[in-house]
Amino acid sequence: MFLLKKLATKSGAITDSVPRIGEGDNLLVNEDKNPNVNGARLNGICFTETGINLAKIASGIEQGAIRR
């Protein structure tokens, strides 16, 4: 995550994480299926709510401002 954030910052990229929520058991299995979403938040890859920049990223790709 640290290196990904450095690369994104250097290239001026918009970052986010795809939210993946499923069933949890309130004991061992978490509802959040992203294994390192807290690490992504701490490094600034995503924010409190994951997925808030996904529409902006998709729009940038469609307009050709962001290359795949």
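Residues are numbered from 1 along each chain as its sequence is written. As the model is predicted, local features need pLDDT of at least 70 and side-chain atom pairs count only at pLDDT 80 or more, whereas totals for chains, interfaces and linings use all residues; side-chain values use heavy atoms, with hydrogens and water left out.

The protein chain contains three helices and zero strands, in the order α-α-α from the N terminus on. The radius of gyration of the protein chain is 14 Å, well over the 11 Å that the globule rule gives for 68 residues, so the chain is more spread out than a compact globule. This radius is taken over C-alpha atoms, and the globule rule is 2.2 Å times the number of residues to the power 0.38. Helices (H or I, at least four residues) and strands (E, at least two) are DSSP runs, numbered from the N terminus. The C-alpha trace spans about 45 × 25 × 20 Å along its principal axes.

Of the 68 residues, 22% are buried (under 20% relative accessible area; exposed, over 50%; partly exposed, in between; 1.4 Å probe, protein chains only). Among contacts (heavy atoms within 4.5 Å) with a separation of 6 or more, 54% join residues 24 or more positions apart. The accessible surface amounts to about 5500 Å², with 55% belonging to carbon and sulfur atoms.

V29 is located in the loop between helix 1 (2–11) and helix 2 (37–43), and is partly exposed, with a relative accessible area of 41%.

Note on methods:
Accessible areas come from the Shrake-Rupley method with a 1.4 Å probe; for residues, only the protein chains shown count as cover.
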